[in-house]
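Reader: I've got the model open and want to know what stands behind the labels. Can you walk me through a few?

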Amino acid sequence: MPGLREQWRRTAMTTIQERALDLFDERGFAAVTIEEIAAAAEVSPSSVYRYFGTKEGLLVADEFDSMTPAQLEELVDPTDPVGSMLGVVRAYEAAGGAGPDDAPLAERSPWRRVRYFFLEPSVRAAALATLDRAAQRVAPLLAAPGAMSPVQAAVAAHAVVFGYFAALESWYSDGGTRPIAAYVEEGLAPLRGAWPAR
């Protein structure tokens, strides 16, 4: 269970992200400054920079970035990385990450955040860089049991992580009509054959 300081940090980050999304939705991504976001979230601009680094970082940051190696190891099953990814997506959606079904689509999270991945080239570039770092963190876990060479593990990790992004883009393009997990499951199905059956 996270300590009080970690809970405060997560709450602050969520508040900053939500105020940033309010401003982006109201005025457009390019028109909003970090200083305006800080004022709306009632924090200092240095806090925004410390937590997110850039305006693009506000949109692509999530809990995965701050996971310890031990937490990551618990999350990733090296014999079923596709199932691991599906588990993460389903847990996110079950926790309410997809927002209430009766809310207008533009107001639902993750729609509010994800649409900028596909509308703003600088946010897309930041998201892809974040995914690359995630794949680099996952790859050693896939090689750990010795079933894959480091090269195979690197390719497999990137295939799963970037496959997730392609599924997310399909979800966005379709207007978010089905759960994200349905797109991830369908999109990553061909990769399941890369791992032996359990």
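Reader: What makes you say that the charged end of Lys 55 sits over the ring of Phe 29?

Author: A charge sits over a ring if NZ of Lys or CZ of Arg is within 6 Å of the ring centre and within 35 degrees of the ring normal. The charged end of Lys 55 is 4.5 Å from the centre of the Phe 29 ring, and Arg 50 does likewise over Tyr 51, at 5.2 Å. Mind you, this is a predicted model, where local features need pLDDT of at least 70, side-chain atom pairs count only at pLDDT 80 or more, and totals for chains, interfaces and linings use all residues. Numbering starts from 1 along each chain as its sequence is written, and side-chain values use heavy atoms, with hydrogens and water left out.

Reader: Why is the aromatic pair of Phe 29 and Tyr 116 called tilted?

Author: Rings of Phe, Tyr and Trp (its six-membered ring) pair if their centres lie within 6.5 Å; planes under 30 degrees apart count as stacked, over 60 as edge-to-face and the rest as tilted. Here the centres are 6.4 Å apart and the planes make 40°, so the pair counts and is tilted.

Reader: Which residues do ring pairs link into a cluster?

Author: Trp 111, Phe 117, Phe 118, Phe 165, Trp 171 and Tyr 172. The whole structure has 10 aromatic pairs.

Reader: How do you know what Leu 142 is in contact with?

Author: Contact means heavy atoms within 4.5 Å. Leaving aside neighbours within four places in sequence, the partners of Leu 142 include Val 76, Met 148 and Trp 195.
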